[in-house]
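These are my notes from one sitting with a single model. I wrote down each thing I looked up, together with the cut-offs behind the words I use.

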Amino acid sequence: MNSPASRGVVGIMKVLLASAILFFLMTTPAFTDSDPRKILGGVYEQDTSRDTAMRAVFDIFDRDGHKTTKKFMLFRLGSPGDSKTLVRFIGPAEIRGVTLLSYNHRGDTDRQWLYIPATQRTRSVTPRERSEKFAGTDFTYEDVKERVLDDFNYRLLGDNEMIDGHKTYKVEAKPVDASRSQYRYIYYWVAQNVPVIVHAEMYDRDGKLVRELHASALKKVSGIWGARHVEMLSVEGRTRTVLTIDEAKFNQHLDEKLFSPESLENTPSH
């Protein structure tokens, strides 16, 4: 890793991989309210866990279909949208130990730090880097951090499109402060019977479609629903990344000391 991608989720897997990844994965009980803010707010609120630990894999495909696999752990402390999230790669050897820490708090500017074992130092991820790919995946740094609900305005665009057998709500999300996001707007499709984001489209500041996300393989653990298979497609480059969640545990009593920039070099790798 020799660029900021030696560095990267946010928007994720959320996340992921980090915060933004959890945002895309989590589901809520079915509800009938057509308020677009409440529809997406429910994506956060169904998760009442104090902390989360996940083991997952990125399968990264180039435009010719060649695959690279990267394994990682994700740890989150706090509730979605008001939390600290840490993503640590555990394989292959050349990226083992690379760690991204994200702070997301309501009413505060989000912050991210990257630790790279080869340099043995931790540095801040700058706002201009957040549109770059995270660790060579099709998720950007912004995609892998949790999205704060108040950072966007919402509009309901439709309520009858079918995706994977689910009737969906289509919701447009626009950043309240355009300077804080690489996206001009994002479209989300949320299933109406088991509200989960089953599809999303991300548009750049010129209004051009740049990424598509699709979520499937729903599973319930400790009363919390989540997608175990998430695919992110980069439209122009024709590359894609498949995120597979192998294991998810909740309320593991994670130590808050793990979630400080000063402690990144000591984060557990297994």
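Is Y188 buried or exposed? I found Y188 buried, at a relative accessible area of 2%, where buried means under 20% relative accessible area, exposed over 50% and partly exposed in between, computed with a 1.4 Å probe on protein chains only. Y188 belongs to strand β9, residues 183-191; helices (H or I, at least four residues) and strands (E, at least two) are DSSP runs numbered from the N terminus. From Y188 I went to L213, which is 25 residues away in sequence and 9.3 Å away in space, C-alpha to C-alpha.

Before going on, I note that this is a predicted model, in which local features need pLDDT of at least 70 and side-chain atom pairs count only at pLDDT 80 or more, while totals for chains, interfaces and linings use all residues. Residues are numbered from 1 along each chain as its sequence is written, and side-chain values use heavy atoms, with hydrogens and water left out.

**Contacts across the sequence**

- V43 sits in helix α2, residues 36-45, and counts as buried at 2% relative accessibility; its C-alpha lies 7.9 Å from that of I197, although 154 residues separate V43 and I197 in sequence.
- F259, in the segment after β13, is buried with a relative accessible area of 1%, and its C-alpha is 8.0 Å from that of L77, 182 residues apart along the chain.
- D59, in strand β1 (residues 51-61), counts as buried at 16% relative accessibility; D59 and R240 are 181 residues apart in sequence and 8.4 Å apart in space, C-alpha to C-alpha.

R240 came up again when I checked charges over rings: its charged end sits over the ring of F61, 4.1 Å from the ring centre. The test asks for NZ of Lys or CZ of Arg within 6 Å of the ring centre and within 35 degrees of the ring normal. K170 also lies over a ring face, that of Y187, at 4.6 Å from the ring centre.

**Nonpolar cores**

I then asked which residues touch the most other members of the largest nonpolar core. They are L40 and F134, in a core of 47 residues; such a core is a set of buried Ala, Val, Leu, Ile, Met, Phe, Trp, Tyr and Cys residues joined through side-chain atoms within 4.5 Å.

**Aromatic pairs**

I counted eleven aromatic pairs in the structure, taking rings of Phe, Tyr and Trp (its six-membered ring) as paired if their centres lie within 6.5 Å, with planes under 30 degrees apart called stacked, over 60 edge-to-face and the rest tilted. Y103 and W113 form an edge-to-face pair, with 4.8 Å from centre to centre and 70° between the planes. Y103 is in strand β4 (residues 99-104) and W113 in strand β5 (residues 111-116), ten residues apart. Y103 counts as buried at 10% relative accessibility, and W113 counts as buried at 13%. F134 returns here, in a cluster that ring pairs form from F58, F72, F89, F134, F139 and Y141.

**Backbone entries**

Most residues other than glycine have a negative phi, and most peptide bonds are trans. The peptide bond from G91 to P92 is cis, with omega near 5°, and P92 is placed in the loop between β3 (82-91) and β4. D164 has a positive phi near 50° and lies in the loop between β7 (152-163) and β8 (166-175). N251, likewise not a glycine, has a positive phi of about 55°; N251 is in the segment after β13 (239-250) and is partly exposed, with a relative accessible area of 30%.

**The largest pocket**

My last entry concerns the largest pocket, which holds about 230 Å³ of space. On a 1 Å grid over the protein atoms alone, a pocket is an open set of points where a 1.4 Å probe fits, with protein on both sides within 12 Å along at least five of seven lines, and lining residues have an atom within 4 Å of a point. Of the 13 lining residues, P127, R130, S179, R180 and S181 are the closest to the centre of the pocket. The lining divides into one nonpolar, five polar and seven charged residues, with Asp, Glu, Lys and Arg counted as charged, Ala, Val, Leu, Ile, Met, Phe, Trp, Tyr, Cys and Pro as nonpolar, and the others, Gly among them, as polar.

Key:
Grid points are joined across faces, edges and corners, and a volume is the space filled by probe spheres set on the points.
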